[in-house]
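Keep the structure open while you read.

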Amino acid sequence: MATLGTEENPLLVAIVGSGPSGFYAAEALIKSDVSTKIDMLERLPSPYGLVRSGVAPDHPKLKQVINLYQKTAGSPDFNLIANVNVGTDISIEELCQSHHAVIMTSGAETDRKLGVPGEDLQGSYTATEFVGWYNGHPDYRNREFDLSHDVAVIIGQGNVAADVSRILSKTVDELKHTDIAQHALDALAESKIKEIHVIGRRGPAQAKFTPKELREFGELSDCNSIVREEDMLLNPESEAELLEKSNIASKKIYDQFCEFSKREADATKSKNCYFDFLMGPKELIGDTKLEKVILEKNKLSGDAFKQSARGTGEIVELETGILFRSIGYRGVPVTGVPFHDAWGTIPNEKGRVTDNDGNIVPKLYTSGWIKRGPSGIIGTNRACSVETVQCLLGDLEKLDDGVSKSGAETIYSILDYKNIRHISFDDWKKIDTKEIEVGEPKGKPREKFTYVDEMLSVIE
Ligand code: NAP
């Protein structure tokens, strides 16, 4: 047999997941000097993962990265097999037999738990559900959010919390020309929410927003952004953190909060978004539905950059019927792949999957949030995937087991045998075109199909 990685014997790689890290891994493989054939498997009929169903609808520029992924998908060495659930429709073991290597890029599909009583009361939602809902993700299409309350609470001060609170703060006019799902726009149009509390367990110097995302709160057409001046007082450790040059983003965030704290609230605006600090949820109260949240005032303890929030015993109660937990995502295990339950990631060494004792698992690699946890922006996944692909290509000799592989052919025969409908990239392009067509008369970049059946019917 010809050497692995040559035109006569290309390296066959299956990538599980079609989000940014999957596409960056595919790009790195295609750009390498090793001849490769890629089969990318995706659970939904639509590719692009969180770029499609996570990035906020009012952030269209962030979605332009899709142009790059489309370029990768246009390579003759790239093949999309969508609408296929790896772990149930086809196993990891089968992919390891049909391909020389498998890269897991399945992201972080669920949320971290708060771990407080009442967390699962009706009215307490995860950010994932809400984000998926307004972005038209089929898994969340039928979720209902009771927006009839005056007060909404968001726990967490990261960019996902920023997205959730901004969507709640905006007017229909600010959203109607985005690709927000129509069902969400209609529900938001009826929203009675007037007061939004975005609650951080630590202080204004530790909030995890990025400056641009926070700045947007100063430009909302019908919502004031409110910060109390007394909350801007810092302890010496936080002051030291903000003096550190490498921590410029936090300094910008803090300065933005200071600017908000000096603003006079505009009484003509119908909503107020409060940024509350040094408070953590202790309990969610309600008979069957959420009625109020019990918060405990915190103080910071520890050295600069290692400060954690400690409860002071002082209690603050906030009456609310709707709360979003936005405290970070978490990966979910896939049968046949090791999983680190405490971290919610696949254990690995620079992208080479290991078992929980640190032994390398042959043929399995990982990249993106499922590799390193849910941190960083979309572009962070590029370097992450390049690292993984470098490891994979470095293992080329080991991946050559002398057994010929049939790649996609095996996948198709397994799926066809099980009567599982699979979608190609050309099929997806038909769905894509239709969505754009349907959105056009409404002045939207697209109207997303939010049911899998709807998507499939386009290509029948
Ligand atoms: P994140 O940035 O890690 O923020 C999580 C927030 O939850 C932090 O404020 C954290 O506080 C808080 N938190 C964690 N556990 C908590 C607990 N038990 N009780 C109370 N608060 C708790 O996570 P994320 O917002 O989900 O974002 C994930 C990644 O996606 C981030 O890298 C983010 O920048 C990125 N993202 C980017 C964009 C964009 O570029 N526009 C949009 C969305 C998401 P501590 O700091 O105290 O831990």
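The model is predicted.

## Helix pairs

| Pair | Axis distance | Crossing angle |
|---|---|---|
| α6 (residues 127–134) and α7 (residues 159–169) | within 10 Å | roughly 55° |
| α6 and α9 (residues 182–189) | within 7 Å | roughly 110° |
| α1 (residues 20–31) and α14 (residues 380–394) | 8 Å | about 50° |

Start with α6 and α7. Their axes cross at roughly 55°. That angle makes α6 oblique to α7. The crossing is left-handed. On the α6 side, the contact uses A127, F130, V131 and Y134; on the α7 side, V160, D163, V164, I167 and L168 meet them. By class, this contact of α6 with α7 holds eight nonpolar residues, no polar ones and one charged.

Helix α6 also packs on α9. Here the axes come within 7 Å and cross at roughly 110°. Angles from 65 to 115 degrees count as roughly perpendicular, and α6 and α9 are therefore roughly perpendicular to each other. F130, W133 and Y134 of α6 make the contact, with H183, A184, A187 and L188 as their partners in α9. The contact of α6 with α9 divides into six nonpolar residues, one polar and no charged.

F130 and Y134 belong to the α6 side of the contact with α7. F130 and Y134 also belong to the α6 side of the contact with α9.

The remaining pair is α1 and α14. These helices pack at about 50°, with their axes 8 Å apart. That makes α1 oblique to α14. The crossing is right-handed. From α1 come P20, S21, Y24, A25, E27, A28, L29 and K31; from α14 come N381, R382, S385, V386, V389, L392 and L393. The contact of α1 with α14 has nine nonpolar, three polar and three charged residues.

## Cavity

How many cavities of 30 Å³ or more does the model hold? The count comes to one. About 30 Å³ of space lies in the largest cavity. Which residues line the largest cavity? They are M104, V332, P333, V334, V337, P338, F339 and I346. The lining divides into eight nonpolar residues, no polar and no charged.

## In brief

Helix α6 is oblique to α7 and roughly perpendicular to α9. Helix α1 is oblique to α14. The α6 and α7 crossing is left-handed, whereas the α1 and α14 crossing is right-handed. The lining of the largest cavity has no polar and no charged residues.

Definitions and conventions
Residues numbered from 1 in each chain as written. Predicted model: local features only at pLDDT ≥ 70, side-chain atom pairs only at ≥ 80, totals over all residues. Heavy atoms only, no water. 1 Å grid on protein atoms, 1.4 Å probe; cavity = no way out; pocket = protein on both sides within 12 Å on 5 of 7 lines; lining within 4 Å. Points joined across faces, edges and corners; volume = space filled by probe spheres on them. Nonpolar A, V, L, I, M, F, W, Y, C, P; charged D, E, K, R; others polar. Axes fitted to C-alpha atoms, helices over the stretch in contact; angles between N-to-C directions. Helix = DSSP H or I, 4+ residues; strand = E, 2+ residues; numbered from the N terminus. Parallel < 35°, antiparallel > 145°, perpendicular 65-115°, else oblique. Left-handed = near helix turned anticlockwise from the far one by under 90°. Contact = heavy atoms within 4.5 Å.
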